[in-house]
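Please look over the sequence and the model below.

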Amino acid sequence: MPGKAVVIALGGNAILRHRETGTAEEQFANVRRTVRHIAGIAGDGYAVAVTHGNGPQVGDILLKNELAKDTLPPMPLDVCGAESQGMIGYLLQQSLQEALFAAGVDCPVATVLTQTLVAAVDPAFQTPEKPIGPFYTAMQARRLENEKGWRMTQIPGQGYRRVVPSPRPIALVEGEAIARLCSAGAVVIAAGGGGVPVVAGPGGTLRGVEAVVDKDYTAALLARLVGAGDLLILTDVERVAVNYGRPGQRDLREMTVAEARRHLAAGQFPAGTMGPKIEAAIGFLEAGGERVTIGSLDSAAAALAGRAGTRIRR
């Protein structure tokens, strides 16, 4: 990647906000607000690669599958993930190209539909824990367990949801193409939703699997791939905190890797929220990355400059 480089990992609120219905107009409006921050960072001289979440969008696609199952054949989860990558990539790509032009930044934008290689023997396949898709009644859940072999879990007060494995990413199948585009000066949108998880088969074949890769782990992998010094993880909080939501909550401006490990071991960063972001940050820094900053979307440029968010360093 030419010049100082950053990978920006966008949280779900960059595309769809709480209580919105998910219309194309809503998502376009959110993305247009989001990309102004990215264009500003590119205008400051950074080479930029972008990745993003896709949970609500995949959930909507799965719900459409369920509602139309008697009319159209449902698509497997890997195909739904690819569909969401294409949709979100289109929203980001078009909006970001316009924002860069308005900011006087001359560089192309490209979306790479990305497959993420995972290990078929990853222990996560034995313990599915990632909830996806719509809620079901107890009767519907039992039927789906019997008919499709799905694992279901009860969400108190809401119903039952399907759970799938969340294996760790090993490599990006399109990694060389992504790296070449970044080296040529393009802003690349890649590995959306953690990428479509695939396992390797004989003779160089690949097979999609019913799983979800955490986008933050894949963001760290993408940052290493393109040689970025900075990984900027944007979410819906201003800073990482210990004792979050409890008496004695304390926002953190800075952490070392050693401090981050201690807080993880103490249970400060739960697996379903901040935990994967902290673990991804540690992995990126220990592999040679320079800085990880976790902060809010609206403070993106200030966070990258060290004036906002939580910075994690080696």
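At what angle do helix H1 (residues 24-43) and helix H3 (residues 77-102) pack, and how far apart are their axes? The angle is about 50°, and the axes are 8 Å apart. That makes H1 oblique to H3. The crossing of H1 past H3 is right-handed. Keep in mind that this is a predicted model.

**The H1 and H3 contact**

H1 brings Gln27, Phe28, Val31, Arg32, Val35, Ile38, Ala39 and Ala42 to the contact. On the H3 side, the residues met are Met87, Tyr90, Leu91, Leu92, Gln94, Ser95, Leu96, Glu98, Ala99 and Leu100. By class, the H1 contact with H3 holds 13 nonpolar, three polar and two charged residues.

**The H7 and H8 contact**

The axes of helix H7 (residues 257-265) and helix H8 (residues 275-286) come within 10 Å. They cross at roughly 150°. The cut-off for roughly antiparallel is over 145 degrees, so H7 and H8 are roughly antiparallel to each other. Their crossing is left-handed.

Which residues meet here? From H7 they are Val257, Ala260, Arg261 and Leu264. From H8 they are Gly275, Ile278, Glu279, Ile282, Leu285 and Glu286. The class count for H7 with H8 is six nonpolar, one polar and three charged residues.

**Cysteines**

How many disulfides does a search of the whole structure find? It finds zero. Take Cys107 and Cys182. The closest cysteine sulfur to that of Cys107 is in Cys182, at 11 Å, which is too far for a bond. Seen from Cys182, the closest cysteine sulfur is in Cys107, again at 11 Å and too far for a bond. A disulfide needs the two sulfur atoms within 2.5 Å. Both side chains also have an accessibility value. Cys107 is buried, at a relative accessible area of 11%. Cys182 is buried too, at 2%.

Leu172 sits in strand E8 (residues 171-172). Is Leu172 buried or exposed? Its relative accessibility is 11%, so Leu172 counts as buried. Leaving out residues up to four places away in sequence, Leu172 touches Thr114, Gln115, Thr116, Ile178, Ala191, Thr218, Leu221, Leu222 and Leu225.

One of those contacts is Ala191. Leu172 and Ala191 are 19 residues apart in sequence, with a C-alpha to C-alpha distance of 7.8 Å. Ala191 belongs to the loop between strand E9 (187-190) and strand E10 (196-200). Its phi is near 60°, a positive value in a residue other than glycine. Ala191 has 0% relative accessibility and counts as buried.

Where is Arg19 placed? Arg19 is in the loop between strand E1 (5-10) and H1. Arg19 is exposed, with a relative accessible area of 75%.

Arg180 lies in helix H5 (residues 175-183). At 58% relative accessibility, Arg180 counts as exposed. Arg180 and Val226 are 46 residues apart in sequence. In space, their C-alpha atoms are 8.7 Å apart.

Asn65 is part of helix H2 (residues 55-67). Asn65 is buried, with a relative accessible area of 16%. Which residues does Asn65 touch, not counting those up to four places away in sequence? They are Pro74, Met75 and Cys80.

Ser296 is in strand E16 (residues 291-296). Ser296 counts as buried, at 6% relative accessibility. Its contacts, not counting residues up to four places away in sequence, are Leu234, Thr235, Val237 and Glu238.

**Accessibility table**

The table gathers values for residues discussed above.

| Residue | Relative accessible area | Class |
|---|---|---|
| Asn65 | 16% | buried |
| Cys107 | 11% | buried |
| Leu172 | 11% | buried |
| Arg180 | 58% | exposed |
| Cys182 | 2% | buried |
| Ala191 | 0% | buried |
| Ser296 | 6% | buried |
| Arg19 | 75% | exposed |

Terms used
Residues are numbered from 1 along each chain as its sequence is written. This is a predicted model: local features need pLDDT of at least 70, side-chain atom pairs count only at pLDDT 80 or more; totals for chains, interfaces and linings use all residues. Side-chain values use heavy atoms; hydrogens and water are left out. Axes are lines fitted to C-alpha atoms, for helices over the stretch in contact, and angles run from 0 to 180 degrees between N-to-C directions. Helices (H or I, at least four residues) and strands (E, at least two) are DSSP runs, numbered from the N terminus. Angles under 35 degrees count as roughly parallel, over 145 as roughly antiparallel, 65 to 115 as roughly perpendicular and the rest as oblique. A crossing is left-handed if the near helix is turned anticlockwise from the far one by less than a right angle, and right-handed if clockwise. Contact means heavy atoms within 4.5 Å. Ala, Val, Leu, Ile, Met, Phe, Trp, Tyr, Cys and Pro count as nonpolar, Asp, Glu, Lys and Arg as charged, and the others, Gly among them, as polar. Buried means under 20% relative accessible area, exposed over 50%, partly exposed in between (1.4 Å probe, protein chains only).
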